Amino acid sequence: MLFQEFAALLRAIEETPSRLRTVALLAQAFRQLSPEEAPKAALLLTGSVAPPFTGIELGMAEIEAAKALAVAANLPEAEVRARLLQIGDLGALAASIMPPRPATLRVSEVFDTLLHIARDAGPGSQGRKRAALAALLAHAGPDEARVILRSVTGKLRLGVGEATILDALAHAYLGGSAKTPLVERAYFLTSDIAETTSRAQAGEEALRSVRIEVGKPVRMMLAERLPTAAAIVEELGPHAAEYKYDGERVQIHWDGHRFRAYSRRIEDITHQIPDVLEALQPLTTHPFIVEAEAVVFDPASGALQPFQQVLNRRVRRLTTEILAAYPMKAFVFELLHLAGDDLLDLPYRERRARLEAFVTSSERLALSTASLVNDAPALQAFFAEAISQGTEGVVCKALDGRYQPGQRGTSWIKYKGPAGGSLTDTLDLVVVGAWWGRGRRAGAYGSFLMAVYNPEDDRFETITRLGAGLTDQHLREQLPRLLDPLRQPQQPANVVATLRPDVWFVPSIVFEVQAQELTRSPMHTAGAGVLGNHRGLALRFPRFVRYRDDKGPTDATTTGEVLRLFRRGGE
Ligand code: ATP
């Protein structure tokens, strides 16, 4: 496919608010792409040239990309810079200065150059990257240059989530949405959109034969939440409850030669947890994949520390001092693969038995504490014990539950405390807009429009306006740094809102928010499609708790979850 056609497709997608139309446009394009091009196009649609776990990222500095643009457009660098300052958007600037040209660039060619640019590192790489980009732009017309520059600087924000791309693959190659779960399964097992695209294009059999691969992260299974011990026992019956450790979730792969560790966001965090990996060294007789919560403990008392302490280890270079001050212990709770056997489809009780036989505890390594509970009082007692040990509560697991990659299945339910007529657990909400502050806060953001994620539509639905709990320092320094690059001139196509904030953002940043209760409101759209009457759910007395940098927008609390909380009396 010509890159110009691809660029036109992206423009059409940006302009349509309809998700169905986006899926149809994408599906049509996928049908036209060759087997070599389709996986590359899928990666480009996600704004990348390689899956996130590879660490290969686009993200050239704007100023460098502007220099390449100046060369390609044959304009003085100073002029391009001055116009960039005026327009503020490198893609739009490129579209306004590049002359129309006959379309010659092909999707593969552009992708290969971008990949080459992303991979190039080391001495002299900056100059080489610039030259490669300028050479590519020399063949690009306005629309093509716009997409290339947004991509190379990591700012191609189409508002098309993975869920939409997966759905489009099912439409393009397998006859429609009925096959979306099959495509999703392949994606959740490999975390690789390029491989998933190739397999979808090859047909159902190729999708069905996907297996997990040691070294490639599996999308993590997530927990539902319920407000009372009784509701959990009603849902699961007799089950296993485990301590819910308050640290960082990590999936660790040993392929026989080396360790790889992945975060919840499927990023490679191997270098961040050398002490945890050392503790796992005794287990390395066969390849394996385990999941654990890595928790910081107090080196003096051994007491477990809350999640915030993990942040002290998020530095560029982990020194021995930092490792000594914030040591980590891994509490292992899952075994997904061992010595050639995939265990995902075994019932929990069998996976747990294999895990218990596999893990030998040591100072830095332990199995998650688990207990069989038959009724609500037993669960309540175990919960109290868990809290007294410095954990956040419990995760309750169905005994016959399989490991469901990428799903917030009902076979894991978290419980962080009894409901007292109010919301006891926090929600993870996505920032989609902001209002300017007044008075003391004039000139800075004052409050934010927050949304839940609706995975069925791949849309963000608003649930509250948030101002409380944010300090002046958040509003003046930290949040502008995070949010300014995400500003959008119009309401993003994947945001469903009634309110009109002063500024819109690409849904990306997740805040943890505490609130008192859920009510119905015509001002918000969360769950309105299900509840009807143009009234969605809204939070009363929301309060900012913290920025969740370990979560992406699609990891946020979902519409389904808030609807269930509302209905089950968590309100
Ligand atoms: P939260 O914000 O409540 O920590 P989350 O949204 O990060 O939750 P959930 O899947 O909803 O993730 O809740 C389960 C989380 O609890 C897991 O992602 C994991 O990080 C953590 N956890 C701690 N101990 C366990 C355990 N024994 N079993 C499963 N998950 C555990």
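Is arginine 19 buried or exposed in this predicted model?

**View 1. Arginine 19 in helix H2 and the residues around arginine 19.** Arginine 19 belongs to helix H2, which covers residues 19–32. The relative accessible area of arginine 19 is 15%, and because buried means under 20%, arginine 19 counts as buried. When its neighbours within four places in sequence are left aside, arginine 19 is in contact with Ala163, Thr164 and Asp167, and also with Glu456, Asp457, Asp458 and Arg459.

**View 2. The crossing of helices H3 and H7.** Helix H3 consists of residues 37–45 and helix H7 of residues 107–119, and the axes of these two helices come within 10 Å and cross at roughly 55°. With that angle, H3 is oblique to H7, and the crossing in which H3 passes H7 is left-handed. On the side of H3 the contact is made by Glu37, Lys40, Ala41, Leu43 and Leu44, while on the side of H7 it is made by Val107, Ser108, Phe111, Asp112 and Leu114. Sorted by class, the residues in the contact of H3 with H7 are 6 nonpolar, 1 polar and 3 charged.

**View 3. Domain 1 and domain 3.** The protein is divided into domain 1 (3–152), domain 2 (222–415) and domain 3 (427–567). Taken over C-alpha atoms, the centres of domain 1 and domain 3 are separated by 30 Å. Between these two domains, 4 residues of domain 1 are in contact with 5 residues of domain 3.

**View 4. Helix H11 and the helices that its buried residues pack against.** Helix H11 runs over residues 180–190 and is mostly covered, since 8 of its 11 residues are buried. The buried residues of H11 are Thr180, Leu182, Val183, Ala186, Tyr187, Phe188, Leu189 and Thr190. These buried residues pack against helix H10 (162–174), helix H12 (193–202) and helix H13 (204–208). Just after H11 comes serine 191, which takes a positive phi of about 55°.

**View 5. Aspartate 298 in a loop between a strand and a helix.** Aspartate 298 is found in the loop that lies between strand S5 (288–296) and helix H16 (320–325). The relative accessibility of aspartate 298 is 26%, and therefore aspartate 298 counts as partly exposed. Apart from its neighbours within four places in sequence, aspartate 298 is in contact with Ala303 and Gln305. Along the chain, aspartate 298 and glutamine 490 are 192 residues apart, and their C-alpha atoms are separated by 48 Å.

**View 6. Positive phi at alanine 339.** Alanine 339 is not a glycine, and yet alanine 339 has a positive phi of about 50°. This residue, alanine 339, has its place in the loop between strand S6 (328–338) and strand S7 (341–342). At 40% relative accessibility, alanine 339 counts as partly exposed.

**View 7. Positive phi at phenylalanine 541.** Phenylalanine 541 is a residue other than glycine, and its phi has a positive value near 55°. The place of phenylalanine 541 is in the loop that lies between strand S20 (536–540) and strand S21 (543–547). Because exposed means over 50%, phenylalanine 541, with a relative accessible area of 55%, is exposed.

Note on methods
Residues numbered from 1 in each chain as written. Predicted model: local features only at pLDDT ≥ 70, side-chain atom pairs only at ≥ 80, totals over all residues. Heavy atoms only, no water. Helix = DSSP H or I, 4+ residues; strand = E, 2+ residues; numbered from the N terminus. Buried < 20%, exposed > 50% of the residue type's maximum accessible area, 1.4 Å probe, protein only. Contact = heavy atoms within 4.5 Å. Axes fitted to C-alpha atoms, helices over the stretch in contact; angles between N-to-C directions. Parallel < 35°, antiparallel > 145°, perpendicular 65-115°, else oblique. Left-handed = near helix turned anticlockwise from the far one by under 90°. Nonpolar A, V, L, I, M, F, W, Y, C, P; charged D, E, K, R; others polar. Domains from an automatic or database assignment.
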